[in-house]
Amino acid sequence: MVMVLDSARLAAFAAVARSGGFSKAANQLGKTQSSVSQAVLQLEREVGQKLFSRDGHTPRLTDAGRALLVRATRIFDEMAQAEVEL
């Protein structure tokens, strides 16, 4: 099975990880907290892993989440570089 990551879901995930919360990420992205939460849940289903531990007030990255954030950062850096080059 080939997994295709959705860039909008990946961006929502990265925003939550970097901002430290779903509401903060939603504000940064100009979206509702609910839509950001749903995007992350859908991404978690796609990858078959929990990306955040939600047992406290602030979501914390799981091991899978940390690994994906490294890749997501590279992906978005490559996309930005492609825009510059083209």
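This report walks through the helices, salt bridges and surface of a predicted model.

## Before we start

Residues are numbered from 1 along each chain, in the order its sequence is written. Because the model is predicted, local features need pLDDT of at least 70, side-chain atom pairs count only at pLDDT 80 or more, totals for chains, interfaces and linings use all residues, and side-chain values use heavy atoms, with hydrogens and water left out.

## Helix 1 and its surroundings

Let us begin with helix 1, which covers residues 7–19. Helices here are DSSP runs of H or I with at least four residues, strands are runs of E with at least two, and both are numbered from the N terminus. Helix 1 has 13 residues and reaches 18 Å from its first C-alpha to its last, close to the 18 Å expected at 1.5 Å a residue. The expected span is 1.5 Å times one less than the number of residues. At the start of the helix, a side-chain oxygen of D6 comes to within 3.0 Å of the backbone nitrogen of A8. Just after the helix, G20 takes a positive phi of about 90 degrees.

Which residues of helix 1 are buried? They are L10, A12, F13, A14, A15, V16, A17 and S19. Buried means under 20% relative accessible area, exposed means over 50%, and partly exposed lies in between, using a 1.4 Å probe and protein chains only. These buried residues pack against helix 2 (22–29), helix 3, strand 1, strand 2 and helix 4.

## A closer look at S19

S19 sits in helix 1. Why does S19 count as buried? It counts as buried because its relative accessible area is 15%, and the cut-off is under 20%. Leaving out residues up to four places away in sequence, S19 touches K24, A25 and Q28; contact means heavy atoms within 4.5 Å. A polar atom of the S19 side chain also lies 3.4 Å from the backbone nitrogen of A25.

## Helix 4 and L69

Helix 4 runs over residues 63–85. Its 23 residues reach 33 Å from first C-alpha to last, close to the 33 Å expected at 1.5 Å a residue. The buried residues of this helix are G65, L68, L69 and A72. What covers them includes helix 1, helix 3 (33–47) and strand 2 (60–61).

Apart from neighbours within four places in sequence, L69 is in contact with F13, A14, A17, R18 and L61. The C-alpha atoms of L69 and L51 are separated by 9.3 Å, and these two residues are 18 residues apart along the chain.

## Salt bridges

How many salt bridges does the structure hold? It holds five. A salt bridge is a side-chain nitrogen of Lys or Arg within 4 Å of a carboxyl oxygen of Asp or Glu. One of them joins the side chains of R60 and D55 at 2.8 Å, N to O. R60 is partly exposed at 47% relative accessible area, while D55 is exposed at 62%. Elsewhere, salt bridges that share partners join E44, K50 and R54 into one network.

Now look at that network pair by pair. The side chains of E44 and K50 meet at 3.9 Å, N to O. K50 is exposed, with a relative accessible area of 52%, whereas E44 is buried at 5%. E44 also forms a salt bridge with R54, whose closest N and O atoms are 3.2 Å apart. This second pair links distant parts of the chain: E44 is in helix 3 and R54 is in the loop between strand 1 (52–53) and strand 2, 10 residues apart. At 34% relative accessibility, R54 counts as partly exposed.

## The loop residue T62

Is T62 buried or exposed? T62 is buried, with a relative accessible area of 19%. This residue is found in the loop between strand 2 and helix 4. Leaving aside neighbours within four places in sequence, T62 is in contact with K50, L51, F52 and S53.

Finally, M3, L5, I75 and M79 make a nonpolar surface patch of about 330 Å². Patches are made of residues with over 30% relative accessible area and no salt bridge; like charges are joined within 9 Å, and nonpolar side chains (Val, Leu, Ile, Met, Phe, Trp, Tyr) within 5 Å. Accessible areas come from the Shrake-Rupley method with a 1.4 Å probe, and for residues only the protein chains shown count as cover. M3 lies in the segment before helix 1 and is partly exposed, with a relative accessible area of 45%.

Key:
A polar contact is a pair of N or O atoms within 3.5 Å; within protein, one must be able to donate a hydrogen and the other to accept it, and residues adjacent in sequence count only if both atoms are side-chain atoms.
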